[in-house]
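Subject: Model for your review, with notes on its pockets

Dear colleague,

I am handing over the structure we discussed, followed by some notes on what was found in it. Please look at the model first and then read on.

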Amino acid sequence: MSGEARVGAGAPRAKITAPAVVALKRKGEPITVVTAYDFPTARYADEAGVEILLVGDSVGTVLLGYDSTLPVTMEDMLHHVRAVARAKPSALVVGDMPFMSYQVSTEQAVANAGRLVQEGGADAIKLEGGARVGDAVARIVEAGIPVMGHLGLTPQSVLAFGGYKVQARGEADQERLLADAKTLERAGCFSLVLEGIPARLGAAVTRELTIPTIGIGAGPGCDGQVLVSHDLLGLHLGHTPKFVRRYATLADEMRVAFERFAGDVRARRYPGEQESY
């Protein structure tokens, strides 16, 4: 899969699998990931050539109006994973495991991971945490489900962190994160999201692992990068983190379009003859 084949819209692609994502690291090819929560976003992002569509529990903060990801349920995630899967993307569809869907027991983790695949249509799942989720990762992988890990600023631990803060600034915390990363790799993760950590640590972890790292606020040294689609499109209503680069300001265009529509209706300019039967 050459760089030329992966860039641009419209060209048919073979279905991307977890092993294909791992192979991109061996080839030294950057991996592109965006979040998707609905059918049209999945279709457009896939046509743009991204490798991974992450149906993140960030749906809670960007679409459902929650202050954090903690209220998001398995039913919420299944609803949105199904919508993305219906787009039949070539990109790998990764379904996020929401808070308390895998922390209670390994059996619970395997069962809920299975639901995201069997009922939702996900190609893989993602969960947060290091050594404490190692057994769950191993069991899910044994069940035949690819697992993406997530370390650093893990949003489901926001209460323990005391807010959304950069993690692993100290030497001991950095050593612990690297150990967790290696544990997740041994447990069978095919890739690892690194969020909100110093760039130097992101690069160091990337060098130490044979599986790809996907950075979000973890510096340019990771094997790939992920952004929340609403952040990069300029649609998110909340705080914009430092690591976000906006590639559009669609919120402004939406406001203008709604204002123009409302104005045309009030002035009786819409519908006109061309919009009438």
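The second largest pocket is lined by 16 residues, among which Gly152, Phe161, Arg176, Leu177 and Asp180 lie nearest its centre. Two elements, strand E5 (147–152) and helix H9 (171–187), each give two or more residues to that lining, and H9 gives the most, with 4 residues. This is a predicted model, in which local features need pLDDT of at least 70 and side-chain atom pairs count only at pLDDT 80 or more, while totals for chains, interfaces and linings use all residues. Residues are numbered from 1 along each chain as its sequence is written, and side-chain values use heavy atoms, with hydrogens and water left out.

A pocket here is an open set of points on a 1 Å grid over the protein atoms alone, where a 1.4 Å probe fits, with protein on both sides within 12 Å along at least five of seven lines; lining residues have an atom within 4 Å of a point. Helices (H or I, at least four residues) and strands (E, at least two) are DSSP runs, numbered from the N terminus.

The largest pocket is lined by 41 residues, and Tyr164, Glu195, Asp231, Pro241 and Phe243 lie nearest its centre. Helix H4 (59–62), strand E6 (191–195) and helix H11 (229–232) each contribute at least two residues to this lining.

Just after H12, Arg268 takes a positive phi of about 60°.

Best regards
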